Amino acid sequence: MSKLSISNEIKSSLFILLGALCISISVVLFFVPHNFTTGGTPGMAILLHHLTDYSIGTIIIAVNIPLLIWGLKYLGKVFTIKTIITIFLISVFIDTFSSIFINTQLISNILVAAIFGGVIIGLGVGFIIKGNSSAGGSTIIARIISANSHIKPAQIILIIDVIIVISSIYVFKDFEKAVLSIMSIYATSKAIDVVLTGTLSTKVIHIASNKAEVLSKKIDETLGVEGTILKGSSILNNEDKTLIFIVLDVKKLGILRDIISENDKDAFMIVMEASEMLGRGH
């Protein structure tokens, strides 16, 4: 094995370890003390823990064993091994922290706990994904179903989370806590995005103009931004169209609007999010 491969494996292992710690700490310090739940396997385990005498860690392993056996051919050997290790770490950490932090309520405000707990779980899941692994549960189900249907994995995970939240109303007898669970799951999804794509303040700009050369010159002189000019035609009447494609910092968007307004009032601009950038220093 090359030094680069060893370095990548060490990095992946550290991501998995950090992710497992984040999920475990969040479950023990934010969700369990306030008796509300989150999405995925941890959320399911919290509900079952409330209904039974089994520990959350034990339930997580019990839920995932049949899923891992079922999904082995869809996950691949290496990914399955990493997922087993991840699930084991999460289970051990949750039960260990539960015995250390008995009746510990780090944050008394349940709304803050929901948001903060969701963010930490999101960071944990994001780190685990960066480590080329998964936390099991709904991820495995989503992969299996999507491999045998046209349903997207994200849709399946959303359905599972909805079922967990609805079930929490019955388990905890509290509708408000179900709403908090939804807020927490939303915070989790945003935190995952931050870990996987970063916090780019960059926009992708498409400008349709009949004065592309003039605009390009002004954009270069004023903003110092390079871009691409694409030639095409309209759908209905085959008129020639020119599209300017640039990537711009959001702080400079107002200046760009002024440039377009002054030089081509008939131009059409579309602003899109840049979720990930590679190359040229990114």
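**Figure 1. Overview of the predicted model.** Of the 282 residues in the chain, 40% count as buried. The model is predicted. The chain holds 10 helices and 4 strands. In sequence order, these elements follow the pattern α-α-α-α-α-α-α-α-β-α-β-β-α-β. Among contacts with a separation of 6 or more, 75% join residues 24 or more positions apart.

Figure 2. Lys-82 sits in H4, which spans residues 77-100. The relative accessible area of Lys-82 is 13%, so the residue is buried, the limit being under 20%.

**Figure 3. The salt bridge between Lys-82 and Glu-9.** The count of salt bridges comes to 1. Lys-82 pairs with Glu-9, and the closest N and O atoms are 4.0 Å apart. This pair links distant parts of the chain, with Lys-82 in helix H4 and Glu-9 in helix H1 (residues 3-31). The two residues are 73 residues apart. Lys-82 is buried at 13% relative accessible area. Glu-9 has 37% relative accessibility and counts as partly exposed.

**Figure 4. Packing of helices H2 and H3.** H2 covers residues 40-51 and H3 covers residues 56-75. The two helices pack at an angle of about 120°, with their axes 9 Å apart. On the H2 side, the contact involves Thr-41, Met-44, Ala-45, Ile-46, Leu-48 and His-49. These residues meet Ile-56, Ile-59, Ile-60, Val-63 and Asn-64 in H3. The residues of this contact divide into 8 nonpolar, 3 polar and no charged.

**Figure 5. Asn-35 in the loop between H1 and H2.** Asn-35 lies in the loop that joins H1 to H2. Phi of Asn-35 is near 55°, a positive value in a residue other than glycine. Most residues other than glycine have a negative phi. Asn-35 is partly exposed, at 32% relative accessible area.

**Figure 6. Asn-132 in the loop between H5 and H6.** The loop that contains Asn-132 runs between helix H5 (110-130) and helix H6 (138-147). Phi of Asn-132 is positive, near 60°, and the residue is not glycine. With a relative accessible area of 46%, Asn-132 is partly exposed.

**Figure 7. Packing of helices H9 and H10.** H9 spans residues 212-223, and H10 spans residues 253-263. Their axes come within 10 Å and cross at roughly 145°. The crossing is right-handed. H9 contributes Val-214, Leu-215, Lys-218, Ile-219, Thr-222 and Leu-223 to the contact. H10 contributes Ile-255, Leu-256, Ile-259, Ile-260 and Asn-263. The contact residues divide into 8 nonpolar, 2 polar and 1 charged.

**Figure 8. Arg-257 in helix H10.** Arg-257 is found in H10 (residues 253-263). At 44% relative accessibility, Arg-257 counts as partly exposed. Arg-257 and Met-269 are 12 residues apart in sequence. Their C-alpha atoms are 8.7 Å apart in space.

**Figure 9. Lys-265 in the loop between H10 and S4.** Lys-265 is found in the loop between H10 and strand S4 (268-273). Lys-265 has 74% relative accessibility, so the residue counts as exposed, the limit being over 50%. Lys-265 and Ser-209 are 56 residues apart along the chain. A distance of 9.2 Å separates their C-alpha atoms.

Note on methods:
Residues are numbered from 1 along each chain as its sequence is written. This is a predicted model: local features need pLDDT of at least 70, side-chain atom pairs count only at pLDDT 80 or more; totals for chains, interfaces and linings use all residues. Side-chain values use heavy atoms; hydrogens and water are left out. Buried means under 20% relative accessible area, exposed over 50%, partly exposed in between (1.4 Å probe, protein chains only). A salt bridge is a side-chain nitrogen of Lys or Arg within 4 Å of a carboxyl oxygen of Asp or Glu. Axes are lines fitted to C-alpha atoms, for helices over the stretch in contact, and angles run from 0 to 180 degrees between N-to-C directions. Contact means heavy atoms within 4.5 Å. Ala, Val, Leu, Ile, Met, Phe, Trp, Tyr, Cys and Pro count as nonpolar, Asp, Glu, Lys and Arg as charged, and the others, Gly among them, as polar. A crossing is left-handed if the near helix is turned anticlockwise from the far one by less than a right angle, and right-handed if clockwise.
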